[in-house]
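Please open the model in your viewer and keep the selection panel at hand. The tour below moves from one selection to the next and says what is to be found at each stop.

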Amino acid sequence: MSLATTDIALPVADHAACSACALCLLVCPIWRQTRDIELTPLGCSKALQRGAPIEDLAATAQWCNLCGACAPVCPERIDLVGMMRSVRRRLRLDSNEAELATATAREPLVAQSAVRSRLGPGDLLVIEPRSYHADYERRVKVYDELRRETGCMLNLDLQRIAIPARLPVPADYADACDYLAQARWIVQGFKIQRIVVEDPADRGVFERLGAWPVMSVDELAKETR
Ligand code: SF4
Ligand code: SF4
């Protein structure tokens, strides 16, 4: 199956369809940080296929930040975010469901022309990945147009998968996680003058890099009023 983004269809299958192709590892920030297969969509699918007790998936569910980057690359069209959310619910770890619902319902402020006019080629716009991937087919066009119109940079990889800025860090793993590695991965290779974050919660991680001014799209929108 082609991986061209224009061919990507909505996820329809469940964990039983996992063929262990490992494509989801390429985009999963948890794999990049831990290199632990059990914490990935592949590991989770395989565990569910062999009927592992749900308690064995607790670490997987805790690490996953529900960024949604894995689902668009899955050639079997597995609803990987749905799978992770289901595991979280079964483990009663669904405390961020409300936050997720808010994030995915949010219309991007950058769709407003007044906000777009404040962005330029020196800006790295950090897309909020959960809303982007939840509405991937529509939003990929919005952000492609934004990039063409303003010349700004985006936290997208070559397949136009949005790279999440923040990682959840379960207490048991805190020592093993390099909090800033994710941010360094995102800024790598760009000539940046300013970082603009869609999700204000992403601000802290980029400010800690200490190299560029950081502001949120909300602040940009206020400047236009
Ligand atoms: S939703 Fe994000 S963090 Fe979770 S498994 Fe998929 S790519 Fe990894
Ligand atoms: S991309 Fe899909 S089919 Fe491939 S390993 Fe990941 S979950 Fe399984």
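Begin by selecting Arg-160, which sits in the loop that runs between strand 2 (153-154) and helix 10 (181-187). This is a predicted model, and in it the phi of Arg-160 is near 60°, a positive value in a residue other than glycine. Most residues other than glycine have a negative phi. Arg-160 counts as partly exposed, because 19 other C-beta atoms lie within 10 Å, whereas a residue is called buried at 20 or more.

Select Leu-66 next, in the loop between helix 4 (58-63) and helix 5. Leu-66, although not a glycine, also has a positive phi, of about 55°. Is Leu-66 buried or exposed? Leu-66 counts as buried, because it has 23 C-beta neighbours inside 10 Å.

Of its 225 residues, 37% count as buried.

With the whole chain in view, turn to the strands and select strand 1, residues 123-126. Strand 1 pairs in the parallel sense with strand 3 (residues 194-197), over four bridges, and Asp-123 has Arg-194 as its bridge partner in strand 3. Strand 1 also pairs in the parallel sense with strand 2, over two bridges, where the bridge partner of Leu-124 is Met-153. In a regular strand the side chains alternate between the two faces of the sheet. Both faces of strand 1 are covered, with Asp-123 and Leu-125 buried on one side and Leu-124 and Val-126 buried on the other.

Stay on Leu-125 and show what surrounds it. Leaving aside residues up to four places away in sequence, Leu-125 touches Val-110, Leu-119, Cys-152, Met-153, Leu-154 and Val-196.

From here, select the largest nonpolar core, which has 56 residues. Leu-125 is among the members that touch the most others, together with Cys-24, Cys-70, Leu-80, Met-84, Val-126 and Val-196. Helix 5 (residues 80-90) gives the most to this core, with five residues. Colour domain 1 (5-99) and domain 2 (104-223) separately: both give residues to the core, so it lies between them.

The next stop is ligand 1, which is surrounded by 15 residues. Cys-28, Cys-64, Cys-67, Ala-69 and Cys-70 are the closest of these. Helix 2 (29-34) and helix 5 each supply at least two residues of this shell, and helix 5 gives the most, with three. Sorted by class, the shell around ligand 1 has 13 nonpolar residues, two polar residues and no charged ones.

Finish at ligand 2. Which residues come nearest to this ligand? Of the 15 residues around ligand 2, these are Cys-18, Cys-21, Cys-24, Leu-42 and Cys-74. The elements that give two or more residues to this shell are helix 1 (23-27) and helix 3 (41-49), and helix 3 gives the most, with three residues. By class, the shell around ligand 2 has 12 nonpolar, two polar and one charged residues. Cys-24, one of the residues nearest to ligand 2, is also among the core members that touch the most others.

Conventions
Residues numbered from 1 in each chain as written. Chains lettered and ligands numbered in written order. Predicted model: local features only at pLDDT ≥ 70, side-chain atom pairs only at ≥ 80, totals over all residues. Core = buried A, V, L, I, M, F, W, Y, C linked by C-beta atoms within 7 Å. Buried ≥ 20, exposed ≤ 12 C-beta atoms within 10 Å, placed from the backbone. Domains from an automatic or database assignment. Contact = placed C-beta atoms within 7 Å. Near = placed C-beta within 6 Å. Nonpolar A, V, L, I, M, F, W, Y, C, P; charged D, E, K, R; others polar. Pairing = 2+ DSSP bridges.
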